[in-house]
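Work through the exercises below with the sequence and the coordinates at hand. Each task is followed by a solution in steps.

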Amino acid sequence: MSTATRTDTQSPALHVADSHDLIRVHGARVNNLSDVSVEIPKRRLTVFTGVSGSGKSSLVFSTIAAESQRMINETYSAFVQGFMPTLARPEVDVLEGLTTAIIVDQQRMGGDPRSTVGTATDANAMLRILFSRRGKPHIGSPQAFSFNVASISGAGAVTFERGGRTTKERRSFNITGGMCPRCEGRGAVSDIDLTQLYDDSKSISEGAFTIPGWKSDSFWTVRVYAESGFVDPDKPIRKYTKKELNDFLYKEPVKVKVEGVNLTYEGLIPKIQKSFLAKDPESMQPHIRAFVDRAVTFASCPECDGTRLNEGARSSKIEGVNIADACAMQISDLAEWVRGLDEPSVAPLLAKLLHTLDSFVEIGLGYLSLDRPSGTLSGGEAQRVKMIRHLGSALTDVTYVFDEPTIGLHPHDIQRMNDLLLRLRDKGNTVLVVEHKPETIAIADHVVDLGPGAGTAGGQVVFEGTVEGLRASDTITGRHLDDRASLKEEVRTPDGTLEIRGASKHNLRNVDVDVPLGVLCVITGVAGSGKSSLIHGSIPADSGVVAVDQGAIRGSRRSNPATYTGLLDPIRKAFAKANDVKPALFSANSEGACPTCNGAGVIYTDLAMMAGVASTCEECEGKRFQAEVLEYRLGSRNISEVLAMSVAEAHTFFAAEDSKVPAAAKILARLEDVGLGYLKVGQPLTTLSGGERQRLKLATHMGDKGGVYVLDEPTTGLHLADVEQLLALLDRLVDSGKTVIVIEHHQAVMAHADWIIDLGPGAGHDGGQIVFEGTPRDLVAARATLTGEHLSAYVGA
């Protein structure tokens, strides 16, 4: 055996392999990027800044990360690529020096109601193995502890060929699953209020159904009931015989013929359950969700007590704890329980499980439990849960891409997040972060500032360099980097109170608090202290309360600000009235659509496992409408030209005398109020940034009639310069007689408040209490809470 010896000699010139230390982007033109060229150092922390809509996400996610993922996908066989999402090459001239990109974005996790924090992070899988090996009594394999696997047994004859002869054998099988049979592993059972489905004083022919989207002429819904032959369509529902009512509500699926077409007739209750209840409420359109909230009452399953597991799975225990108890524990407590287990036979499994649980605690999510539905996590929580699998990873020379990782974090928690980002960098990784918070911008090795404005006024690199260089630059970010809001000299006086008594949802400890009315009230506290539980869980969502939550705006590439805000309706009616034609002609999703591209403006060609190609429609030249529709004008513009205007231009246009549409001008004024004056009226929602979507939702709700506005972190995705505009908007709302309640971590909003309610002192079961209520000045003077300490440091007190 020979041993190689090493002699330390003068190191040669730089090896050619070590010269690739930059990610080079030249000529990027994705979305609003205008021929952007930038060089990003590898193995460093680079922060991308700029006002909302300036092109940060287009450069980082849609260009650099997208091309990295596309190139990795191309290394797989055509067969495997057929099962993967197809990605088009971004519009860019040169992309060099890319490494494998791991994207940790703000997309909400799993819309499936069966998805929990445990199933999303593999912690549940490890617990199931642990209980299947060490649980007493032993009840079966890991799937016996899974609430997604039902217990099934069966027997029968099987036929197979053996030695040229056909043989029959009797076989039986038995699968032991953990699913609760009553709620089918959902943890909740539903009851339907029939009065919300139909008016029983009317017949089907008279329009008895009150279900959204069920129109009397609908072939697939109403007419299949009316013409099925099982019920009399002209008889009021309350006069149905017992058999008719049973067929109407509960009949099993059966084939029927309606006007020569074979359709399936099914009882109303199972049809509603499949159409509405099988979907995640978070993913529904607002009016559908409102219907489900009215029509369906959800209660904890009485058989499994909401644990989702059957009696067998709950009977097997380790040291007196079953798997349902373990999943219901706060993760920080569960980690301590696992740490105390002495089970040498499963030591590697325990070590891996403990590492995962400790990662939750380290990242500031120790207050969650594994049975928490993943759809209920905020954007910031979802992003941090995704980070867990990357902590402690042995991979190096990887590009990690983060989208505002500090969202939903109290200033106290931001330092911990900064430490994690630096740790990933120090392992030799490239870390790219899109961020607005000055605390995170401050730790950057390199800063790329995009601007100067948003939308078409942005898309350029206005600064590259160090944080100190940014501070000295004359860009919007540089000028506002050291902005600090000051405490108000005088605060408003409440004109009443909203009483909350005995609030005990989630981790709240029987909280009593009076929320002042007629003022700007900020609810704050560390992540997981109970802010959302207190406000969303205790304030009744009646007609007087307008809640703007963090839920994502859902929309296809056909959706745009005009359709989402309801702006298109008055515009279409105005065009129809001016030209004496039908309003449907002025919708690209209806009669006015170009027949060649169906109103999409582009033709999509599917190329199987290769990226599809989108080419501008030659018939309408991308205008989406038929040629004759474009002949009709309102004022001096046709419908396509109106949709191509910016919000600010459209506001001026619809306020002018010859094209006056007051209803449209009102909606456009609200969009300008929230700082979206630069957006194109017909710009697809899929191209909007997270901050733009949040403000679009806020503008839509500003038209709702209500005296109390509840805003959940409205500074999400907002640049430092835009926060001032948001504060001015909140002031206008309060001065108009509204009550504004804001759940917020941003110190500028806290300093601007009239009243602060601080929850804590910690997260999870260490929180859930009111630790301070009073004016911001009193909070700063007392410095008795974590929020008080950070706010006093922020305002320089």
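A residue counts as buried when its relative accessible area is under 20%. The model used throughout is predicted.

**Exercise 1.** Determine whether serine 68 is buried or exposed, and list what serine 68 contacts beyond its neighbours within four places in sequence.

*Solution.*
Step 1. Locate the residue: serine 68 is part of helix H1, which covers residues 56–73.
Step 2. The relative accessibility of serine 68 is 5%, so serine 68 counts as buried.
Step 3. With neighbours within four places in sequence set aside, the contacts of serine 68 are Leu98, Thr99, Thr100 and Ala101.
Step 4. For alanine 101 there is a polar atom of the serine 68 side chain 3.0 Å from the backbone nitrogen.

**Exercise 2.** Describe how helices H6 and H7 pack, and state which residues make the contact.

*Solution.*
Step 1. Two packed helices are described by the angle between their axes and the distance between the axes.
Step 2. For H6 (residues 242–250) and H7 (residues 268–277), the angle is about 10° and the axes are 4 Å apart.
Step 3. Angles under 35 degrees count as roughly parallel, and H6 is therefore roughly parallel to H7.
Step 4. H6 contributes Phe248, Leu249 and Tyr250 to the contact, while H7 contributes Leu268, Ile269 and Pro270.
Step 5. Sorted by class, the residues of this contact of H6 with H7 are six nonpolar, no polar and no charged.

**Exercise 3.** Count the aromatic pairs, then classify the pair of phenylalanine 131 and tryptophan 337 and the pair of tyrosine 240 and phenylalanine 248.

*Solution.*
Step 1. Ring centres must lie within 6.5 Å to pair; by this rule there are 15 aromatic pairs.
Step 2. Phenylalanine 131 and tryptophan 337 are 6.4 Å apart centre to centre, with 15° between the planes, and the pair is stacked.
Step 3. Phenylalanine 131 belongs to helix H4 (residues 123–134) and tryptophan 337 to helix H11 (residues 331–339), so this pair ties together parts 206 residues apart in sequence.
Step 4. Phenylalanine 131 counts as buried because its relative accessibility is 1%; tryptophan 337, at 14%, counts as buried too.
Step 5. Tyrosine 240 and phenylalanine 248 form an edge-to-face pair, at 5.7 Å centre to centre and 90° between the planes. Tyrosine 240 and phenylalanine 248 are both buried.

**Exercise 4.** State which residues form one aromatic cluster with Tyr240 and Phe248.

*Solution.*
Step 1. Besides Tyr240 and Phe248, the cluster contains Tyr198, Phe209, Trp214, Tyr225, Phe230 and Tyr265.
Step 2. Phe248 is also one of the H6 residues in the contact with H7.

Notes: Residues are numbered from 1 along each chain as its sequence is written. This is a predicted model: local features need pLDDT of at least 70, side-chain atom pairs count only at pLDDT 80 or more; totals for chains, interfaces and linings use all residues. Side-chain values use heavy atoms; hydrogens and water are left out. Helices (H or I, at least four residues) and strands (E, at least two) are DSSP runs, numbered from the N terminus. Buried means under 20% relative accessible area, exposed over 50%, partly exposed in between (1.4 Å probe, protein chains only). A polar contact is a pair of N or O atoms within 3.5 Å; within protein, one must be able to donate a hydrogen and the other to accept it, and residues adjacent in sequence count only if both atoms are side-chain atoms. Contact means heavy atoms within 4.5 Å. Axes are lines fitted to C-alpha atoms, for helices over the stretch in contact, and angles run from 0 to 180 degrees between N-to-C directions. Angles under 35 degrees count as roughly parallel, over 145 as roughly antiparallel, 65 to 115 as roughly perpendicular and the rest as oblique. Ala, Val, Leu, Ile, Met, Phe, Trp, Tyr, Cys and Pro count as nonpolar, Asp, Glu, Lys and Arg as charged, and the others, Gly among them, as polar. Rings of Phe, Tyr and Trp (its six-membered ring) pair if their centres lie within 6.5 Å; planes under 30 degrees apart count as stacked, over 60 as edge-to-face and the rest as tilted.
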